[in-house]
Amino acid sequence: MKYLDEYRDGDKVKAQLKALQERLTRPWQVMEVCGGQTHNFLKSGLDGLLPEGITLVHGPGCPVCVTPIELIDKAIALARQPQVIFCSFGDMLRVPGSKEDLLSAKSQGAEVRMVYSPLDALKIAEANPEHKVVFFAIGFETTAPMNAMAALQAKQRGVNNFYLLAANMLVPPAIAAILSARDCQVKGFLAPGHVCTVSGYVEYEEIAKQWWVPIVVTGFEPLDLIQGLYMLITQLETGSWKVENQYRRSATRQGNLAAKALMEQVFSVCDRKWRGLGPIPASGYCLKPEYADLDAEKVFQIEDITAEEPKECIAGLVLQGRKKPTECAAFGKKCTPQHPLGAPMVSSEGACAAYYQYGIKLRTS
Ligand code: SF4
């Protein structure tokens with residue numbers, strides 16, 4: 001198929017759903033890792049059309065959602081410093097920290113600006129040499145190359161008032177952490193197609209082998225999702241555990257070698273704390289020592305800020321696929337997109353926002 005519309009063809013989706021139903025002989029719980037996949041399952045109505053035996057649980061693939069609360073507090077502490085212009089993607093502005101969010105800091109005078117790219121923040125730094133410009137570098141393997149490019153260009157162009165609050169995270173260690181739980185019920189994964197387009201899927205092969213779990217690299221359109229699910233259920237029904245690639249029009253086994261080389265030039269792999277999942281070894285990117293002068297945490301000495309997640313928000317359980325958003329007592333009552341208590345209700349990729357937006361009732365397993 002050549003065109004995106006073909007991946008939204010209702011007849012083809014129906015035929016694939018029928019094949020899926022025929023393939024299924026027993027119940028399976030599977031996880032779609034990416035928040036974009038969650039939203040599209042719900043937006044297209046596919047979630048409600050799946051055979052009863054399939055329980056979809058939603059994974060940690062929403063970068064805004066998994067950024068820990070203490071990093072939000074660090075961002076606010078930076079934004080409140082004199083002479084600092086703090087730049088961020090729009091989604092992060094309303095994510096609650098322990099006391100406030102970036103938007104409320106802005107309303108009280110902090111210089112917070114929404115940007116679409118770290119290169120926009122770099123331009124702001126060049127245009128404001130008397131200020132210190134910090135970019136909130138969140139995201140997975142998909143945004144890391146852009147962040148690396150901004151760091152590299154800052155060095156090359158001699159911009160010495162540009163910094164990164166480095167927060168990039170890596171998806172495979174989070175999948176491994178979910179599988180490591182003794183009571184993990186997830187039997188297969190739809191891996192995020194766009195992340196694998198950058199990173200490739202060699203690391204996912206190691207996970208599949210270690211836990212005997214099938215993984216299908218999957219796209220985002222309705223036909224992608226249902227094909228990915230069919231491939232996954234076929235593996236489960238036949239006792240196979242390997243990595244397959246449904247998203248062949250974009251992802252390859254080795255990924256984008258140029259983007260990976262760029263990331264390796266600027267970042268090294270380090271341990272990172274995830275919202276809801278806690279610290280995960282080797283699950284993030286940190287700036288290499290030769291880029292330490294761009295590292296906002298070190299330069300502005302905010303490394304020691306810590307914070308606890310709010311007790312009433314069960315985002316951690318939602319991000320591990322242990323609870324559905326509608327199982328949270330605050331869902332749609334104390335927590336709405338207008339007044340979010342947790343990041344998954346704010347983000348355009350958050351599972352709680354998706355359930356709220358598409359009016360999903362709890363599907364029991
Ligand atoms: S509904 Fe709100 S409070 Fe509940 S888990 Fe989601 S973000 Fe947290």
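I'll begin with the sheet. It is open, built from four strands in the order S4-S3-S5-S6, and the pairing is parallel. The edge positions belong to strand S4, residues 112-114, and strand S6, residues 162-168; each has a single partner strand, so one side of each has no neighbour in the sheet. From one strand to the next, the twist averages 25 degrees. Before I go on, please keep in mind that this is a predicted model.

Strand S3, residues 84-88, runs parallel to S4, and three bridges join them.

Helix H5, residues 69-79, lies across S3, S4, S6 and strand S5, which spans 132-139. The angle between H5 and S3 is about 145 degrees. Helix H7, residues 118-127, also lies across S3, S4, S5 and S6. For H7 the angle is given against S5, and there the value is about 175 degrees.

On to another pair of strands, S1 and S2. Strand S1 covers residues 28-34, and its pairing with S2 is parallel, over six bridges. Within this pair, Trp28 is opposite Ile54 of S2.

Let me move to the domains. The assignment puts 1-62, 170-193, 201-247 and 315-358 in domain 1, and 68-168 with 256-299 in domain 2. Over C-alpha atoms, the centres of domain 1 and domain 2 are 28 Å apart. Domain 1 brings 16 residues to the contact and domain 2 brings 15.

Which helices supply at least two residues each on the domain 1 side? They are helix H9, residues 171-180, and helix H15, residues 315-319. H9 has the largest share of that side, with four residues. Sorted by class, the side of domain 1 that touches domain 2 holds twelve nonpolar and four polar residues, and no charged ones.

Last, the ligand. There are 14 residues around the ligand, and those that come nearest are Cys313, Cys328, Cys335, Gly342 and Cys352.

Note on methods
Residues are numbered from 1 along each chain as its sequence is written. This is a predicted model: local features need pLDDT of at least 70, side-chain atom pairs count only at pLDDT 80 or more; totals for chains, interfaces and linings use all residues. A residue is near a molecule or strand if its C-beta atom, placed from the backbone, lies within 6 Å of it. Domain bounds come from an automatic or database domain assignment. Two residues are in contact if their C-beta atoms, placed from the backbone, lie within 7 Å. Ala, Val, Leu, Ile, Met, Phe, Trp, Tyr, Cys and Pro count as nonpolar, Asp, Glu, Lys and Arg as charged, and the others, Gly among them, as polar. Two strands pair if DSSP finds at least two bridges between them. Axes are lines fitted to C-alpha atoms, for helices over the stretch in contact, and angles run from 0 to 180 degrees between N-to-C directions.
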